[in-house]
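Let's take a walk through this model together.

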Amino acid sequence: MPLALLARAALFCSVAMPPTTRSSRMLRAAHAELNPDVKEVKCESSISFELSKPEVVSSVKRKNVKRVLEVTEENLKKKVGIVPDIEDFRYGKASPSLVRLEKKVRVSSVIKAGAPENWEAILKGIKNMRLSGEAPVDTKGCEKAGSLLPPKERRFAVLVSTMMSSQTKDEVTHAAVERLSEKGLLEPNAIVRTDEVTLANLIKPVGFYQRKAKYIKEASKICLERFGGDIPDSLNELLALKGVMSIAWKNTQGICVDTHVHRISNRLGWVFREGTKQKTTTPEQTRISLEKWLPKDEWEPINPLLVGFGQTICTPLRPKCDMCGINNICLSAFKESSSPNPKQKKIRSS
C-alpha cells in the first residue's frame with residue numbers, strides 16, 4: 001500500500017499591502033492547477049515561521065491557514081516543492097528556506113512487522129482447545145518436576161528434567177524424575193556422589209540416557225562449585241551447561257522450540273527461513289522467525305501450549321484435523337490427515 005504522509009505548514013510573515021481580490025483569485029486558480037492535491041482548511045497554526053529580521057506589521061488582520069498535503073510514495077519527490085497559496089504567504093523579506101515544514105507519517109497499528117495473517121485468531125483457537133489440560137505436558141512436563149520442593153531444590157529438579165527431556169516423551173521423562181526422587185537424587189550433592197552407570201540405569205529409557213547421565217553429573221558439579229547448589233540465573237550460563245534446553249527461572253529470554261513447536265509453527269505458516277518464504281528446517285531457525293513477530297508476553301506459554309496441542313490434536317503423523325477447532329483457517333488443514341477433507345468427501349458422494 002502507498003505510504004500516506006501528512007505535511008502541515010502554517011506560514012506567517014509581515015505584509016506591506018494585501019493583494020487585490022482579482023490577483024488573488026488568479027493566483028489561487030493557477031495554484032490549484034499546479035497542486036490539485038492541496039486542500040485548504042481553516043484552523044489554528046502548528047508551525048512557526050522564522051524571520052531573520054522583525055518586520056512592520058500592517059493593520060490587515062492575520063489569517064491562520066493549515067495546508068494539508070496528501071502525498072504518495074510515487075509522487076513524493078515531485079510534490080516536495082509545492083508552493084503555498086499566494087494569499088496565505090504574505091509579502092515580506094522572508095526567504096522560503098526559513099519555512100519549517102513538519103511531516104507526520106500515518107502508520108497502521110500492528111503488533112509487529114511480519115506477523116502472519118490470522119495469528120491471533122489461531123492462537124486463541126488453540127488456547128480454547130487446550131483448556132481441558134488433558135495433554136501429557138500439562139501434568140508431566142519439565143516444569144512440573146519437584147513441584148512440592150522448596151524453590152531452590154525445585155529449580156534444580158526442573159533443570160535435571162529439562163536435560164532429560166530432549167528426544168523423549170513427557171511421560172518417560174516424568175517417570176525418570178520420579179525414580180531419581182525416590183533415590184534422593186534430585187539434589188546436586190547426591191548426584192555428584194553417584195557413579196554415571198547407576199545414574200544412567202535410573203533414567204533409562206530416556207533417549208540417549210548414557211550421555212545425559214554424564215551431562216547431569218557435570219552440571220551438578222558446576223552448580224555446587226559456582227552457584228552454591230542452585231542453578232545459574234542467566235541464559236548464557238545456563239546454556240554453558242551441556243544438555244540444557246530451557247531455564248527454570250522466571251526470566252524469559254527466548255522461545256523454547258522443541259519438535260512440536262517446530263512442526264506446528266511450520267504447519268500454520270508462522271515461520272520462514274531468513275529472507276525467504278520457505279519453511280524453517282531447524283528449531284533454531286524457527287525460534288528466530290517466531291521471535292521477530294510474536295509478542296514477548298507469549299514467549300513463555302507458547303511452548304507448553306503448542307506441545308500439548310501437538311500431543312493431542314496436531315500430531316506428527318495423521319493429525320486430527322477433523323477434531324481441530326481452527327481447521328477453517330489453518331493452511332495445512334486436512335493435507336496430512338488420514339481422514340479426507342469433508343468438502344472432498346461431499347463432492348465424491350454427490
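**A loop residue and a helix pair**

Setting aside neighbours within four places in sequence, Asn327 is in contact with Cys321, Asp322, Ala333 and Phe334, where contact means heavy atoms within 4.5 Å. This is a predicted model, in which local features need pLDDT of at least 70 and side-chain atom pairs count only at pLDDT 80 or more, while totals for chains, interfaces and linings use all residues. Residues are numbered from 1 along each chain as its sequence is written, and side-chain values use heavy atoms, with hydrogens and water left out.

So where does Asn327 sit? Look in the loop between helix H13 (299–312) and helix H14 (342–349). Helices here are DSSP runs of H or I with at least four residues, strands are runs of E with at least two, and both are numbered from the N terminus. Asn327 is partly exposed, with a relative accessible area of 25%; buried means under 20%, exposed over 50%, and partly exposed in between, using a 1.4 Å probe and protein chains only. A polar atom of the Asn327 side chain lies 3.0 Å from the backbone oxygen of Cys321, and one lies 3.2 Å from the backbone oxygen of Cys324.

Now hop over to Ile191, which lies in helix H7 (residues 188–192). Ile191 is buried, with a relative accessible area of 0%. Beyond its neighbours within four places, Ile191 is in contact with Phe156, Val160, Leu185, Leu199, Ile216, Lys217 and Ser220. Its C-alpha is 8.0 Å from that of Ile216, at a sequence separation of 25 residues.

Leu199, Ile216 and Lys217 turn up again where H8 meets H9. Helix H8 (residues 196–203) and helix H9 (residues 209–227) pack at an angle of about 120°, with their axes 8 Å apart. That makes H8 and H9 oblique to each other, as angles under 35 degrees count as roughly parallel, over 145 as roughly antiparallel, 65 to 115 as roughly perpendicular and the rest as oblique. On the H8 side, the residues are Glu196, Leu199, Ala200 and Ile203; H9 brings Tyr209, Gln210, Lys212, Ala213, Lys214, Ile216 and Lys217.

Zooming out, the protein has 14 helices and 4 strands. Of its 350 residues, 37% count as buried.

Terms used. Axes fitted to C-alpha atoms, helices over the stretch in contact; angles between N-to-C directions. Polar contact = N/O pair within 3.5 Å; in protein donor to acceptor, adjacent residues only side chain to side chain.
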